[in-house]
Amino acid sequence: MATTNALAATTGRWNRELHHYPNQRVRYTSLTIAVLATVVLYYQLYLSGGVAVDIIADYGLTFKWFVFMNVAALVAAGVAAHLGGVTDRVGRAKVVTIGLVIVGLISAVAIPMCGDRWSFATCFVLLNAAEGVILVATPALVRDFSPQLGRASAMGFWTMGPVLGSLVVTAVVGSGSNAGDWQSHYVVAGICGIVVAALSVPFLKELAPALRDQVMIEARDQALLEARVKGIDTEQGLERPTRQMLKPDIVLSSLAISMFLLFYMTMVGFGPTYFEVTFGYSQAQANNVLVWAWAANVAGLAIAGVASDRLLVRKPFMLVGSVVVLAVLVVFIALAARPETSYGTFAAVFVVMFFAMGTTYVAWMAAFTETVERRNPALTATGLAVWGVIIRIVFAAFVFLAPFVVSTVSTIVDHGATVKAISEGQSPDLTEEQNQVVAAASTDGTAAERVNRLRAEFPQAVETMSSLPPAARAGLGVQSTNLAVRDAAVADIVQATGLSAESASARLDLIGEVPPADLEFLVWFSPLVDPEVAAKLAYVAEHGADVQAAIADGPAQWQRYFWISALGVAFFIPMIWLMTGHWHPGQARKALRDHEAAVGREMAQVIGVDRNVVTNL
């Protein structure tokens, strides 16, 4: 068999391979860049959820159109995640750097320049595709640099990336900065991504293939692993990589965690929209309540990661965490249909649920990479690619269901804001007076009908009244014999309509024929004959009842959608038993002692010295 010296130096500006295990400084620097890359990537990726209502309004989208765009993006990300397995052959660092540059340019330049829905959708799909590849490359890097005894802490460090990305989105959008200008959020996010890409060039390193293709249980294995790689064939074990990873423990574990994360995905994609349309939160409030969720999730990832490594077990953390998530999710579902539920209650529920979710997820990530290593450590990225494809398919299917299960959202998102603005007299394209009239007419459902009846009976009188400014209408002394008052009224009509004084006087006489009660009514409501004003009232008449019905029915539909997430958590729990690892710390410690003894014996054989001497080193 042809062999290569796996520790031979490789030259080239873009080559960042390490041919010996790095010191702590290099290791932590690379891990930090990998996490920063993940944070800025998910900041850019999840931004659409934080400003969804603004995007929908700006491009005139329907909620279904927006959802199906997200489905297409998730499918593209799944395809790209499968391609991410190529990093087992070409390395991880280049893929991460190039991917960050592409995503940064899409966010900072392309998306703000999009003039229509299709150009935005194209950029959004491309952004998700790049994320699909980097999703595979960055956790593979973390695994490469992390022995199994520190794997949960390292994976907790990496898993903070998506959560911190969510936290940045909710914190920035929730702060109210750049209100009404969602494109500027993308510019800032894109610039952050390009900065991290620039930092990754000098600071992001990766292990040479022969080193990363082996399993390191603990840091003391370093000498043995470096001794092993001299003269091995780095291509061995890479044939038919996908087939090697399509095993029940890997596939079902990937499906299980995808189902487990359905509620997380719901809050990322629809959380702000849910709180805005169901509880009437502002965009800032809707994002701020999720800050509690993401902050608690980060805490769960960090604390559980360290604890899992200290106790040498993963499965108990997954089991306890998932049971707590399921229990609290059931409580949340009950609260979701109660309009009196307070902001503080939601925040408290999210803190408990997402802390437990972080506990479960960080233990799963460590256990999953160890399960992949049990199959073939040389194909870590391929195993992660299988997970990446499955999680995107599950998320795409779940998102696709949203407008069908929660059909009321389409009505509220498509028409709710406009109906509310009209009814409250806040239409931006009407004058202050017109808004006041529309708001009053929205309260008095018969006003428009009464104006139309009077218009048919006194057409010129009503048209003339509608053309006058409010003060002139209110001051018309049509019953007065005072010539000065009459002359002032005629002057108002001339100025407002452009008629001659004689014609204006005739119009004033016609106005005087209107019964006093109807005339008093027209002083306030005659502007309803204006086409723009009439169109606003017609819009409310057409969609107002549907919006009110959707607001009433929406909470129950959201509950049904959330129950799917709860079933996903229930499916996850029995799948824990498929994964590698011990349940009891005592069993794990015994396995570690056996491993250390085996390493000592093998190292003695490799370097040709007495095993007891090596063990005592």
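**Exercise 1.** Is Val-324 buried or exposed, or partly exposed?

*Solution.* Before starting, note that this is a predicted model, where local features need pLDDT of at least 70, side-chain atom pairs count only at pLDDT 80 or more, and totals for chains, interfaces and linings use all residues. Residues are numbered from 1 along each chain as its sequence is written, and side-chain values use heavy atoms, leaving out hydrogens and water.

Step 1: recall the classes: buried means under 20% relative accessible area, exposed over 50%, and partly exposed in between (1.4 Å probe, protein chains only).
Step 2: Val-324 has a relative accessible area of 31%, so the residue is partly exposed.
Step 3: look for its place in the fold: Val-324 is found in helix α15. Helices here are DSSP runs of H or I with at least four residues, numbered from the N terminus.

**Exercise 2.** Find the salt bridges that involve Arg-314.

*Solution.* Step 1: use the rule that a side-chain nitrogen of Lys or Arg lies within 4 Å of a carboxyl oxygen of Asp or Glu.
Step 1: Asp-309 meets Arg-314 at 2.9 Å, N to O.
Step 2: Arg-314 also meets Glu-370, at 2.8 Å, N to O. This pair links distant parts of the chain, with Arg-314 in the loop between α14 (283-311) and α15, and Glu-370 in helix α16, 56 residues apart.

**Exercise 3.** Which parts of the chain does the salt bridge between Glu-131 and Arg-392 tie together?

*Solution.* Step 1: the two side chains meet at 2.1 Å, N to O.
Step 1: Glu-131 lies in helix α6 (residues 117-144) and Arg-392 in helix α17, so the pair ties together parts that are 261 residues apart in sequence.
Step 2: Glu-131 is buried at 0% relative accessible area, and Arg-392 is buried at 6%.

**Exercise 4.** Classify the aromatic pair formed by Phe-398 and Tyr-561.

*Solution.* Step 1: rings of Phe, Tyr and Trp (its six-membered ring) pair if their centres lie within 6.5 Å; planes under 30 degrees apart count as stacked, over 60 as edge-to-face and the rest as tilted.
Step 1: a search of the whole structure finds 40 such pairs. For comparison, Tyr-274 and Phe-279 have ring centres 5.8 Å apart and planes at 75°, so they are edge-to-face.
Step 2: Phe-398 and Tyr-561 are 4.4 Å centre to centre with 10° between the planes, which makes a stacked pair.

Technical notes. Helix = DSSP H or I, 4+ residues; strand = E, 2+ residues; numbered from the N terminus.
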